[in-house]
Amino acid sequence: MERRSFLKQASAGIAAGAAAAPALAADLPTIKWRCASGFPKTLDAIFGATETVAKRVAAATGGKFQISLFAAGEIVPTPGVLDAVKDGTVECGHAASYWYIGKDPALAFDTALPFGLNSRQQTAWMMEGGGLELMREFFKDYNIHNIPCGNTGAQMGGWFRKEIKSLADMQGLKFRVGGLAGQVLARLGVVPQQIPPADIYPALEKGTIDATEWIGPYDDQKLGFNRVAKYYYYPGWWEGGPQLSLYVNAKKFAELPKEYQVILEDACLFAHAEMQAAYDVKSPHALKQLIGAGTQLRPFPNDMMAAGYKAAHELYDELAAKNAKFKKIYDNWKKFRDDQLQWFAVAENRFDNFMQATRVAGRAKK
């Protein structure tokens with residue numbers, strides 16, 4: 001399998017990069033790339049993934065391979081990252097592929113689908129379940145070599161100006177939401193809005209939108225959504241484990257020395273793990289602060305989630321019936337998801353539920 005072969009090369013490359021940087025500096029070319037991020041620098045946990053990649057690539061090559069970073073809008077706006085890499089405007093870019101489902105809905109598999117995989121399952125599918133091979137075959141049409149580069153973990157459902165007590169309260173709601181979730185929610189009566197990160201707060205503040213989802217407590221607090229919306233809902237059932245990707249222009253990737261290719265992929269994998277760790281550490285504290293400042297935390301109503309689940313799978317069946325690329329990936333992805341749900345029910349979920357119940361019981365006794 002391509003993934004296992006890469007891991008063997010990566011292990012050798014790590015050792016070579018750590019122990020022989022002077023040799024690399026002497027024997028390999030100096031390369032300078034530009035990376036266009038789809039995220040602003042203020043979102044340090046997610047923008048930081050590309051900073052990690054650039055630092056590790058430079059360190060492992062003795063400074064011979066340099067990647068200069070540009071935040072959203074500095075070279076191209078967020079909606080233009082994929083095309084900028086495809087067309088060679090920049091050598092690489094960092095983005096969420098589901099931003100670009102207007103080109104093909106199959107791009108959502110590279111990030112997240114409603115009622116899809118959690119972060120561990122998404123990584124497992126990509127690395128060992130055939131997902132990476134399927135997505136790289138798909139991205140060939142875009143002249144892109146994609147590399148997993150970050151995951152936020154399950155996201156929150158978002159900020160709402162009014163309380164959502166049932167599915168009926170979603171009717172006519174103008175909701176900023178990404179990926180295929182917009183199409184699913186539209187079937188529930190929601191009016192989905194596609195808005196780049198930098199424009200979300202003013203739209204919510206002015207009432208242009210009634211609600212927004214972004215990532216989770218850490219970033220949402222930094223963006224100040226709690227100042228203009230009172231109710232904070234969970235879970236973000238459309239993003240159980242959203243993955244970010246480093247897009248690399250396929251021609252530029254092929255031109256890299258093999259050593260640099262392995263080092264770049266390895267740096268992305270480190271950033272991938274680091275991002276999730278950062279959110280897992282920072283989100284609990286941020287959520288406590290938000291609640292302490294008056295945020296009303298609420299679970300989505302069961303009837304809303306049940307209707308969303310039904311609508312999502314109707315959409316997937318329709319897309320698979322008319323889009324051969326979507327169907328090819330979906331058939332693999334769906335079987336993998338169902339197998340993972342069975343496994344997690346046996347081990348992970350039982351363990352997690354017991355630990356949570358024990359924690360709650362312990363607090364009740366104090």
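Me: What volume does the largest pocket have?
Reply: This is a predicted model, in which local features need pLDDT of at least 70, side-chain atom pairs count only at pLDDT 80 or more, and totals for chains, interfaces and linings use all residues. Residues are numbered from 1 along each chain as its sequence is written, and side-chain values use heavy atoms, with hydrogens and water left out. On a 1 Å grid over the protein atoms alone, a pocket is an open set of points with protein on both sides within 12 Å along at least five of seven lines, while a cavity is a set where a 1.4 Å probe fits but cannot get out; lining residues have an atom within 4 Å of a point. With points joined across faces, edges and corners, and volume taken as the space filled by probe spheres set on them, the largest pocket comes to about 1400 Å³.

Me: Which residues are the closest to the centre of the largest pocket?
Reply: The lining of this pocket has 37 residues. The closest to the centre are Ala154, Gln155, Pro235, Gly236 and Gly240.

Me: Which helix gives the largest share of the lining of the largest pocket?
Reply: Helices are DSSP runs (H or I, at least four residues), as are strands (E, at least two), numbered from the N terminus. α5 (119-128), α11 (258-292), α12 (302-322) and α13 (324-346) each supply at least two lining residues. The largest share, 8 residues, comes from α11.

Me: Which residues line the second largest pocket?
Reply: This pocket holds about 200 Å³ of space. Its lining is Asn349, Asp352, Asn353, Met355 and Gln356.

Me: How much space lies in the largest cavity?
Reply: The count comes to 1 cavity of 30 Å³ or more. Of the 16 residues that line the largest cavity, the closest to its centre are Ala96, Tyr98, Gln155, Ile215 and Glu239. The space in the largest cavity is about 120 Å³.

Me: Is Thr111 buried or exposed?
Reply: Thr111 sits in the loop between β3 (92-95) and α5. Leaving aside neighbours within four places in sequence, its contacts (heavy atoms within 4.5 Å) include Ala96, Tyr98 and Gln122. Buried means under 20% relative accessible area, exposed over 50% and partly exposed in between, with a 1.4 Å probe and protein chains only. Thr111 has 1% relative accessibility, so it counts as buried.

Me: What percentage of the residues of the protein chain count as buried?
Reply: The chain has 14 helices and 11 strands. Of its 366 residues, the part that counts as buried is 53%.
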